[in-house]
Every structure is written in structure tokens, then in C-alpha cells.
Amino acid sequence: MANRTVVVPDLGGAETVDVIELSLAVGDSIDIEGSLVVLESDKATMDVPSPVAGELVSYLVAEGDSVKVGDPIAEVAVSTGSESEAEPAEEAPKEDVTTLSTPAAVTEAEQPAPEVKPDHAMPNPVIDSAEAVPSALDTDVYAGPAVRLLARELGVTLSEIDGSGPRGRIIKDDVNNFVKHRLTQGSAGQPAVSGAGIPAVPAVDFAQFGPVETVTMTKIQKVTAANMHRNWLNVPHVTQFDDADITDLEVFRKNLKAEAERRGIKISPVAFIIKAIAIALQENPVFNRSLLPGGESLVQKHYVNIGMAVDTERGLMVPVLRNVDNMGIWDIAAAVGDFAAKARAGKLMPADMQGGCFTLSSLGAIGGNGFTPIVNAPEAGILGVSKSQMKPVWDGDEFQPRLMLPMALSYDHRLINGGDAGKFLTQIVRLLSDIRHLAL
Ligand code: CAO
């Protein structure tokens, strides 16, 4: 049996990713396409399947390592007859949004093992409620062993520090600056303000009120939290509300049920809403703009890509449907179903979540009368959709029972004024209330 070195395949846009799971033990046998390791980028997790069948000889990475395309991952002793299945590195399939995992590339066995990088994130044992030691959250911060040692020596909790290194990695200067900042405040680790003069939320010892446990957030949860905070602080939000009368749309949609089953596509109101947004974006190009850093100029986009928030166990994911202006309702419904399934299975590639112009956040299947979504900067707007309800609507003579869809449009007031937003939302309402216009 010859040994093969399996390397990190095309990551679909991500430059470096973390190894979050080694799927096998040394000596385990593996089939072609069996998962070797699980990688996690800022936004997605992905399996790296073995391109050959055989037996795992060794891992060349550890959990917590950062790796990039072409880095060796593992040595596999190839079973006789399996070699023909292996693909050479240069022919490794590129990102394919229709597949659930990324096939790995393979190189010859003489490829050197990777150097052990001194700056990879080493998991620390969880140490709870002691002073001058890292908190449980520190096990999941992005910092090298030397920085972790420094933090331990100085009694600093790494999870409280924003890293200034590449991809937010915490470097020694960050730790030293953090300590200096705390010392100049002279308040025994309880600053009156945090960054940008924002009052810090005081730390609470919850255990004094009842049983608690500390749970480490997933990387996706942490990235989402950081993005939400950034967008909340940077974007001057305004939110406008309206209801669309979707009585006729729902009759039409229910009449499509048989055809939907025949096509194997689930069609919910979301597909119609995305189509309406695409039309409204084309007719109201002010919503298809982004401010450039510096705030002196903006970009007008001439493509229509729409992000769709998906609620998953790992956290919030926003895959992006591309060129929605060229898609029909069936195409959109199929893409919504595919992306929602991939997001929930943790199989979205980084490229699946890039390039959005505008975002839809639909809580319609869950419930609620309304909510104010946070703009996904640098996009200009986001539509939040809640659960439709039958309501009495005055038609000029009497009340009629109509199915009303509550919508909230949040937008960046630096790019869009209230009049523009009123026109945009009114158009979406009109399109959904009279779906003949969606076909035009
Ligand atoms: N009002 C009433 N019912 C609605 C509705 C609405 N606005 N929107 C969808 N539904 C119904 C559909 O009609 C369907 O029911 P039927 O099968 O009886 O027709 C059911 O809800 C489908 O729900 P779904 O969730 O499976 O599919 P979807 O196409 O409606 O939504 C997706 C897909 C991915 C948008 C959704 O599953 C999801 O994850 N939403 C959460 C988004 C989120 O988390 N936003 C917050 C972001 S900020 O924290």
C-alpha cells in the first residue's frame, strides 16, 4: 500500500480556515469521500472527504490549527485498486455549490509534513471562576501559545480583547495595550467605559443566583455577534413598516401545490418575496448601493444578489442567491430550499455567502407581528418579514377578511432617505398584493 498525502482543497474563497475536528483515529479505515477533517471558516464549516480509500496513517494537523489551500492534512495508506479514483491536485474540483462537501486534493507521499506553527490556537483546559486565569471562553479565541502564556502571566482574559492581527488574531501588543488601558483607568478591572466611550456591561457572577454552566460560543455565533455589533454601531438605522395583502398570492401558491410536488420543490411565500425585492431593487437602484470606506463615494451595483437569513443550530447563516433578476419563482424556490438545507447541514461554502446586495430575514414560519432587522453592512437595506395574519381590512364600504403580511424595512440613512424607502417598500407591497406584476 502506497501512502498518499491529502491536502486542503479549494476553499471556495476562504484564505485560511481552522481545523475544528479530526474525524478519525489513526489506523481507522476510510472510504472514498469519507470525512477526514472538518474545517471552519468565519462563516461555514466543511468536511474534507478523502479522495482515496485506505487507512489513516497519521494526521498532519491538529484541532485548532489554521490551514490554507494546499496544506497537507493527513497521510492515507491507499488500498489496492483505490489509486485510480484519486485525482491529482491540479484537477481537484473547484467549489460547487450543488455538492455538500469539498473533495480533497491529493499529492505524492513525499510532500513534507507541515511545520508546527507557533501561532495556532491551542485549546486550553477549561478553568472556571478563578482570578488571574483565562476564562472558559479563552479556549476558543484566536491567539498563539506565546500570547496565551503572556495573558496568563498578566491575568488577562483573552476573550475580552479585540485582536489586531490578521483575521483578528490577538497579538502580544493587544495584550499589553489592554493591560495599559486597564491600569490607566485604575478601577480594578471594572472599566467605566469600553471602546469608543460605550459604557461596559458589568460582569455578574450568575452562579450566586442559581446553577449555571459556561458554554463556549461557536465561531459562527462569535462572528455574527461581532458583525451585528459593528453594524449596529456604524449604520444609522431607520425602520419603516407596512403590511402586504397576500390573500391572492396565497390562493395562487396553494394552487401550485400539485406542480410543486411534481417538481420536487417546496414553494413558500419567501420565493415571491425575494422576487418582489429583486424587482424593487432594479427599479429603486438607490437600495443597490454601498458606501465606500471614507464615506466620500458609493458603489452602484448593476447586479441583483439577495441574501437570505437562515436560522441554524450553529447560528445565523446568510447564503446569497445570485442574479435573482434572471430567476423565475420556481428557480428561486428551489434555491431557497437548497441553501436552507445546506446552511442547516453546515455545508455552505464561504463563496455561497458573499456578494449580497440586500438581505431578507423571514421569521414568517416562526411567528411574531414584527421586528426591526439590523442592516447587513455594507448593504444598504434589509427586509424583515413576520407571520401573515387574517385581518379585517376596510375596502371603503365594509371590512373584508384579508391575509396581511407584516414587513419591516431597515436601511442605512446615510445612503437612503425616507422618501426612497417609502417608494421601495410600497412597491414591494404592491407586487405582493397583486402578483400579476411579479410576472411582468
Ligand atoms: N407567514 C405565514 N406563514 C409563512 C410565512 C409567513 N410570512 N413564511 C413562510 N410561511 C410558512 C410557509 O407557507 C410554509 O408552510 P406550508 O408548508 O404550510 O406552506 C412554512 O412556513 C415554511 O417554513 P420554512 O421555514 O420551512 O420555509 P420558508 O421558505 O418560509 O423559509 C427560511 C426559509 C430559510 C427563510 C427559514 O426557514 C428561516 O430560517 N427563517 C429564519 C430567518 C432568521 O433567523 N431571521 C432572523 C435573522 S436576525 O437574527
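Modeller: Quick definition before we start: accessible areas here come from the Shrake-Rupley method with a 1.4 Å probe. Keep in mind that this is a predicted model.

Colleague: Okay, what share of the accessible surface of the protein chain belongs to carbon and sulfur atoms?
Modeller: The chain has 440 residues, and 43% of them are buried. The accessible surface comes to about 22,500 Å², and the part that belongs to carbon and sulfur atoms is 55%.

Colleague: Which element gives the largest share of the largest nonpolar core?
Modeller: That core has 62 residues, and Ile274, Phe287, Leu383, Met407 and Leu432 touch the most other members. Elements giving two or more residues to this core include α7 (329-344), β22 (399-412), α8 (418-433) and α6 (269-283). With eleven residues, the largest share comes from α6.

Colleague: Take Leu432, then. Which residues is Leu432 in contact with, leaving aside neighbours within four places in sequence?
Modeller: Leu432 is among the residues that touch the most other members of the core. The contacts of Leu432 beyond those neighbours are Ala244, Asp245, Ile246, Leu249, Phe272, Ile273, Ala276, Leu405 and Met407.

Colleague: Within what arc do the buried residues of α4 fall, seen down the axis?
Modeller: In α4 (residues 247-255), the buried residues are Thr247, Leu249, Glu250 and Arg253. They are covered by elements including β12 (237-245), α5 (257-263), α6, β22 and α8. These buried residues line one face of the helix, because seen down the axis of α4 they fall within an arc of 160°.

Colleague: And on the outside, is Val204 buried or partly exposed?
Modeller: Val204 sits in the loop between β11 (198-199) and α3 (219-234). Together with Phe206, Phe209 and Val212, Val204 forms a nonpolar surface patch with about 440 Å² of accessible area. Buried would need under 20% relative accessible area and exposed over 50%. Val204 has 41% relative accessibility, so it counts as partly exposed.

Colleague: Now the backbone. What is the relative accessible area of Glu33?
Modeller: Glu33 is in the loop between β3 (29-30) and β4 (35-40). Although Glu33 is not a glycine, its phi is positive, about 80°. Glu33 is partly exposed, with a relative accessible area of 46%.

Colleague: One last thing: what is omega for the cis peptide bond at Pro378?
Modeller: Pro378 lies in the loop between β19 (358-362) and β20 (381-385). The cis bond joins Ala377 and Pro378, and omega is about 10°.

Key. Residues are numbered from 1 along each chain as its sequence is written. This is a predicted model: local features need pLDDT of at least 70, side-chain atom pairs count only at pLDDT 80 or more; totals for chains, interfaces and linings use all residues. Side-chain values use heavy atoms; hydrogens and water are left out. Patches are made of residues with over 30% relative accessible area and no salt bridge: like charges are joined within 9 Å, nonpolar side chains (Val, Leu, Ile, Met, Phe, Trp, Tyr) within 5 Å. A salt bridge is a side-chain nitrogen of Lys or Arg within 4 Å of a carboxyl oxygen of Asp or Glu. Helices (H or I, at least four residues) and strands (E, at least two) are DSSP runs, numbered from the N terminus. Buried means under 20% relative accessible area, exposed over 50%, partly exposed in between (1.4 Å probe, protein chains only). A nonpolar core is a set of buried Ala, Val, Leu, Ile, Met, Phe, Trp, Tyr and Cys residues joined through side-chain atoms within 4.5 Å. Contact means heavy atoms within 4.5 Å. The arc is that of the directions from the helix axis to the C-beta atoms.
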